[in-house]
Amino acid sequence: MRKKQCVAMLLAGGRGTRLQDLTDENAKPAVPFGGKYRIIDFTLSNCRNSGIDTVGVLTQYQPHILQNYVGRGDAWDLYKRNGGLTILPPYQCKDSDRWYEGTAHALYQNLHYIEQHNPENVLVISGDHIYKMDYNDMLQQHIENNADATISVMSVPWKEASRFGIMNIDEFSNRVVEFEEKPKFPTSNLASMGIYIFKWSVLKKYLEQEERNDFSSKDFGKDIIPSMLRNNQSMYSYKFHGYWKDVGTIESYWEANMDLLERDKNIFLTSQEWEICTVENNYPPQYLDKDALIKQSIVGGGNEIYGNVEHSVLFGDVKVGKGSKVKNSVLLTGARIGENVLIENAIIGEGVSIPDNYTITSSVHKQITLVGKTITENLIYSSVK
């Protein structure tokens, strides 16, 4: 087969436990976002727009909704005979029947898939971040530097730096000189975005090396990157300056949705030519009652609004009853809000019904109330004022 310049391996198998009910029955990349999208739409659209036409999607935890949603990749123009999109779940083979044990181990388990495309470089990305990025720009820098690895980085607030893998770089050359995975006392606020490009010939060696190490966690941040640095491999940073959000917690997920309601933060209003593709739902037109009031909000198709909606994101097929007020909240598909309900600073899960005359809010500043299917009653009663 003709050698490909770059193939992408999209890590989409994590549990996403900090998203609580949103990922009880759903893989994190398939969590809904922004009124009509799912989180994985962003990385798949980035691949499409960057000309990366071969994408392996590595699934594991609760994969069924995600796999059905992604399908053959048609929505992102990734259904192709030479490459395209391929779902890569763990599988039993002659030598192994293990689950993916880490991010690097997931790639090791798919060596055959990668090698059949004969790539010069491998792009490693995650399906759980909100951002627009031209991977081709990063790839060209990687090639020009003759790098063994290129790591996308961005500056984060110092108070958040300990949540990330932190880089120290040579400011003149952008070469990585030090890496710490989630340090307690960071010496830099330049954070790894979990987006890597490797020379395949080099990465393969390190994947095989970590597989032989019984004490390895088989993770890129904990094992592969530090090992390459110790061996003085040629590693460079790629500085990213756009919007990027790790939506790994209830608070950050809520914040990312609220960002869409601010003109200067709305990722869809910046670089509009960089289309974010999705699988469209065929909802009927929304209905707004004569007494309905909607202000600074995103409202999906098929909704019936009889009350007030302010500074909120509503997905499709949502109903808000008469006399009800929804503020600073996210209502997922199929939510049913009764009459004379107050919802503020909350996330209402898919298909959840809130009875008449309830109040769902929090007395704690910036605390977000999640009302999900499995714990709906407990959360409602604990939130009643």
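Visitor: Which residue stands opposite M235 in β12?
Guide: A149 does. Keep in mind that this is a predicted model.

Visitor: In which sense do β8 and β12 pair?
Guide: Parallel, over 5 bridges. Strand β12 covers residues 235-239.

Visitor: And β8 with β11?
Guide: That pairing is antiparallel, with 6 bridges. In it, M154 stands opposite A191 of β11.

Visitor: How many residues of β8 are buried?
Guide: 6 of its 7. The strand runs over residues 149-155 and is mostly covered.

Visitor: Switching to pockets. What volume does the largest one have?
Guide: About 1200 Å³. The lining has 37 residues, and T103, S126, D128, K182 and D219 lie nearest the centre.

Visitor: Which element gives the most to that lining?
Guide: β11, with 4 residues. Others that supply at least two include α3, β10, α7 and β13.

Visitor: How does the lining of the largest pocket split by class?
Guide: 12 nonpolar, 15 polar and 10 charged.

Visitor: How much space lies in the second largest pocket?
Guide: About 440 Å³. It is lined by 17 residues, with P157, E160, R163, W244 and K245 closest to its centre.

Visitor: Which elements give two or more residues there?
Guide: β8, β13 and α8. The largest share, 4 residues, is from α8.

Visitor: What classes line the second largest pocket?
Guide: 6 nonpolar, 3 polar and 8 charged residues.

Methods
Residues numbered from 1 in each chain as written. Predicted model: local features only at pLDDT ≥ 70, side-chain atom pairs only at ≥ 80, totals over all residues. Heavy atoms only, no water. Buried < 20%, exposed > 50% of the residue type's maximum accessible area, 1.4 Å probe, protein only. Pairing = 2+ DSSP bridges. 1 Å grid on protein atoms, 1.4 Å probe; cavity = no way out; pocket = protein on both sides within 12 Å on 5 of 7 lines; lining within 4 Å. Points joined across faces, edges and corners; volume = space filled by probe spheres on them. Nonpolar A, V, L, I, M, F, W, Y, C, P; charged D, E, K, R; others polar.
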